[in-house]
Amino acid sequence: MPDTPVFAVVGHPNKGKSSVVATLSQNDAIAIALEPGTTRRRHRYPLSVDGEVLYVLEDTPGFQRPRRVLEWLKAHSASATDRAQTVAAFVHEHRDGARFTDECELLAPLVEGAGIIYVVDGSVPYSPEDEIEMTILRWTGRPSLALINSIGSDDHSEAWKAALGQFFQVVRRFDALRAPFDQHLSLLRAFGQLEPQWEVPLQRAVHFLSDQRLARQVKAASLITDALSDMLSYRELSTLSEVQLAQGEEGAIEDSLRRRWLARQRQREQDLRGDIENLYQHTHLRRQETTLQWHSDNDLFSEGSRRAWGVSRRYLVTAGFGAGAVGGVGLDVLTLGASLGLGALAGGIAGGTGAYLFGDRLPLPVMHWGPLRRGLKTATFGPVQDSQFGYIVLGRAVDHWWHVSHRNHAGRDLLDLPPASDHWLESLDSGSRRTLQRGLDSCRKKRRLENALRADVEAVIAAALALYGRRQNRFTVD
Amino acid sequence: MTDRALKLLLDFDARVQREKSQPADFLHRRDRRFALSCIEHDTPADARGWLDHLNRLSGAGDEDTPAVRSIRQWRQIGIAFGIAGSVFGVVTMLGLLVYEGGQRINLSVLIAFVLLQVLLAMLTTLQAALGWQPWRVLLTRLQRQSSTQAMSAMQPLLMARAAHLGGLCFGLMSLLTLLVALVIQDLAFGWSTTLSTVPAGFTDVTAALAWPWRGLWPAAVPDLSLVEATRFYRSADGMSDVSASRWGEWWPFVLMLWSSYVVLPRAILLAGVQVNIVWRAKRALQTHAGWRALQYRMQTPTVDTGNSHNDAEDAPVDFQGRSSLPLPAAAVVIYWGGVADDSLPAAVTEHIRLACFAGGRASLASDRQTLSQIASALANGAGDAVLLVTRGWEPPTGELHDFIEEAQSLWPSPARLTLIPLAQNTAPPVPAHQLPQWLRLQERFTAGFVTVSLIESPLATAAAGEAHA
């Protein structure tokens with residue numbers, strides 16, 4: 001028997017075995033199709049931590065000739081004590097033949113000491129005919145767990161549960177497409193319950209996977225901070241000669257710079273999405289990026305995006321006041337408090353007024369023309385001067401993160417990003433809002449975000465991710 | 001030491017920037033492995049060790065790295081400031097000591113110049129502390145490579161170091177010039193002012209200035225008599241009645257004044273800025289986003305969930321073969337795999353003469369018996385068509401394939417088998433995504449032995465009937 005727990009995922013063809021493996025191994029490159037026989041060979045998916053394998057999932061083909069197998073087994077067994085040996089003999093005798101290829105691939109890991117994860121489709125009715133497969137599995141004598149996976153919309157899981165309970169030690173419901181991450185971990189814990197010596201490695205695996213999940217959230221916040229900093233501070237430059245100026249090409253240059261600036265911003269947003277998808281190991285989602293389903297009027301610069309992800313004028317005023325006040329405190333410090341806090345007040349009023357007057361518009365960044373030097377003139381487009389732009393980028397990034405981080409790897413449908421309907425950022429506490437506003441302002445004014453402020457903004461975005469996750473989960477439950 | 005800390009920061013920053021496009025998984029695995037190796041060998045997993053480890057693995061590379069170039073450029077800037085300061089120091093002191101015998105070297109001017117030097121040194125330090133870089137434009141033109149964020153943060157300090165080095169060279173060379181002048185010339189120092197200052201007031205000023213060395217060299221602290229004796233007015237003729245040597249007695253004060261207020265502050269500030277550069281470089285490394293990311297990668301175990309396997313391309317392609325055909329009139333029907341005998345509509349079963357069950361829980365012997373029974377019925381005029389009703393949602397398995405294969409070999413040659421996959425719910429037909437698996441099955445048998453037919457929904461059938469009428 002192997003030291004490392006091995007779990008063979010077995011069952012009837014086309015009942016979602018590969019979906020279960022794809023979700024648990026976080027692999028979206030496993031072939032999953034609605035037709036039988038997609039999995040022809042068994043394949044191992046080890047979970048390793050620093051190179052140490054904690055458990056192995058083994059995907060297998062489905063039963064093709066269970067009656068023949070059972071008939072063979074019965075014909076070669078003398079008593080209940082030799083059943084496991086008889087199954088091993090069956091695999092040994094038929095592994096080089098063509099007729100029982102699938103059964104040999106399926107039974108071989110069990111003969112080698114794997115635990116049984118038997119997958120059934122809870123959306124189709126239970127049928128006594130399935131008991132033949134369960135009987136064969138019982139002959140192996142291996143610890144077993146049954147998973148009721150629902151592929152369709154009907155629910156026959158109660159009938160399945162009653163029947164499976166007679167053949168398997170543990171029966172669990174697990175929707176490979178929609179089960180939240182907590183359920184993945186819960187299922188792994190259940191695997192550990194099958195054998196006493198499997199409990200520790202599975203507990204460790206759960207621990208590491210939980211940590212990895214948290215770390216990914218932090219990393220996602222870092223990636224979003226980088227993208228925000230890049231997009232808000234980005235400038236498109238072009239230099240014109242005196243001849244071009246004389247020919248009146250300023251208009252054409254402005255158009256060209258505007259187009260390039262917009263294209264680059266869109267590309268940067270796509271890059272961020274790719275990075276987030278890679279972080280969560282959704283590598284095949286990226287290949288479908290050109291065909292991502294975009295809701296109409298949901299572009300980065302559309303009015304729809306502004307309505308969905310922009311924040312209210314009230315939010316901007318309070319955040320602007322706070323950020324301005326923080327800046328004004330510098331004056332109070334320089335005067336050793338002799339200004340009696342007027343610096344903070346003046347800064348706050350200036351920040352709040354600016355936000356009130358200009359905060360509800362989304363003007364594209366204006367053109368800047370440099371002075372004529374040595375016959376050359378530099379035109380600059382950007383950085384964007386609108387506070388809302390940062391919130392739109394952030395809102396869209398956080399929403400995309402949520403969809404990707406909560407997507408199971410068995411999913412093969414296109415990523416759908418519907419527009420949101422609530423201004424969730426307004427639920428952040430006032431301190432976080434101020435920090436965020438300072439960060440966005442800093443990006444707009446300077447080319448780079450200072451390390452300390454960057455760390456603060458990253459922490460706020462990490463908190464925002466957690467907040468958004470909680471809100472979305474609450475909506476999902478409701 | 002200074003350059004080592006700075007070089008470490010710049011090398012680290014360059015490495016982090018270079019690795020930005022590397023896959024995160026790869027970086028995590030590599031750095032975690034390095035950290036585990038450090039634990040195993042009880043060596044510190046710090047930035048220096050990490051860079052050395054990577055450089056060792058990559059082999060000897062280009063020595064002229066951006067960090068080396070930056071540091072070399074700042075050394076060159078420092079040397080240029082030093083040379084300029086030295087030259088300027090000699091020239092300035094010669095200018096201050098211009099003395100042709102008919103006039104005195106005005107100590108008031110000297111003191112004012114020294115205080116100006118102190119002020120300049122302070123301004124340089126303040127500028128570095130505030131991070132103000134008025135000379136940035138000039139530097140940008142001189143630099144052959146664009147400055148990184150890490151380097152930009154260090155530039156005010158580096159510029160302060162160059163300025164203090166220049167100031168120190170200025171002070172030392174001017175002091176040397178003063179000493180030489182003292183040896184080879186007779187210098188006459190005096191003090192002069194338009195204000196109605198009494199000598200006692202000037203003595204207080206000089207005593208305050210001489211406070212740092214009053215215990216060290218008392219002779220370098222001018223007394224009231226010297227101050228009284230060496231006051232001069234430019235309108236007065238000649239050297240008055242004061243002895244010529246008396247004018248020269250100021251030199252210890254001038255020497256110490258210059259050493260203490262021009263040379264020493266610059267030396268202290270230069271040492272301070274050196275220490276500050278090391279401290280800031282270390283701090284910049286500690287707060288570097290790349291260092292935090294590296295620490296995380298080193299401290300966090302790599303979790304590989306087994307997602308390297310890729311067989312996404314192995315999924316079956318869309319079915320392009322024969323489609324389903326209309327349901328033939330048949331006298332024989334087989335209910336496969338537990339399908340109930342009331343699953344077909346009455347219109348289909350009204351001509352049925354023989355209904356059998358196979359597959360599912362039936363034994364293989366029973367299946368063989370069923371096939372023989374049907375073969376006899378077909379031979380005895382039960383027609384050519386046999387219906388096989390299956391659950392459309394249960395995929396066709398090898399057992400069904402074997403059963404049909406055996407039927408083809410047993411039954412008379414004109415016999416044809418029609419598969420009827422049923423929908424899970426009673427409302428037919430079978431959903432579109434379940435049909436291709438049955439159409440593929442018919443392709444596996446030769447001579448059109450197997451076809452697929454669907455039970456139309458009652459509504460569709462009624463509509464078709466009305467259209468026909």
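The model is predicted, so local features need pLDDT of at least 70 and side-chain atom pairs count only at pLDDT 80 or more, while totals for chains, interfaces and linings use all residues. Residues are numbered from 1 along each chain as its sequence is written, chains are lettered from A and ligands numbered from 1 in the order in which they are written, and side-chain values use heavy atoms, with hydrogens and water left out.

Strands (E, at least two residues) and helices (H or I, at least four) are DSSP runs, numbered from the N terminus. Two strands pair if DSSP finds at least two bridges between them.

E1 (residues 6–11) and E3 (residues 52–59) of chain A run parallel, joined by 4 bridges. Val6(A) stands opposite Val56(A) in E3(A). Axes here are lines fitted to C-alpha atoms, for helices over the stretch in contact, and angles run from 0 to 180 degrees between N-to-C directions. Contact means heavy atoms within 4.5 Å.

H5(A) also meets another helix. The axes of H2 (residues 66–76) and H5 (residues 131–140) of chain A come within 9 Å and cross at roughly 40 degrees. The two helices are therefore oblique to each other. Angles under 35 degrees count as roughly parallel, over 145 as roughly antiparallel, 65 to 115 as roughly perpendicular and the rest as oblique. H2(A) contributes Pro66(A), Arg67(A), Val69(A), Leu70(A), Leu73(A) and Lys74(A) to the contact. From H5(A) come Ile132(A), Glu133(A), Thr135(A), Ile136(A) and Trp139(A).

Two backbone positions in chain A deserve a look. Most residues other than glycine have a negative phi. Gln26(A) has a positive phi of about 50 degrees. Gln26(A) sits in the loop between H1 (17–24) and E2 (43–49) of chain A. Its relative accessible area is 7%, so Gln26(A) is buried (under 20%; exposed is over 50%, partly exposed in between, with a 1.4 Å probe and protein chains only). Gln281(A) has a positive phi of about 60 degrees. Gln281(A) lies in the loop between H10 (250–279) and H11 (283–287) of chain A. At 5% relative accessibility, Gln281(A) counts as buried.

Chain B has an open sheet of 5 strands. The order is E5-E4-E6-E7-E8, with parallel pairing. E5 (354–358) and E8 (450–452) of chain B are the edge strands, each pairing on one side only. Within this sheet, 7 bridges join E6 (residues 385–391) to E7 (residues 416–422) of chain B. Leu388(B) stands opposite Leu419(B) in E7(B). Helix H15 (residues 398–410) of chain B packs on the sheet, touching E4, E5, E6, E7 and E8 of chain B. Helix H14 (residues 364–379) of chain B lies across E4 (332–336), E5 and E6 of chain B, at about 160 degrees to E5(B).
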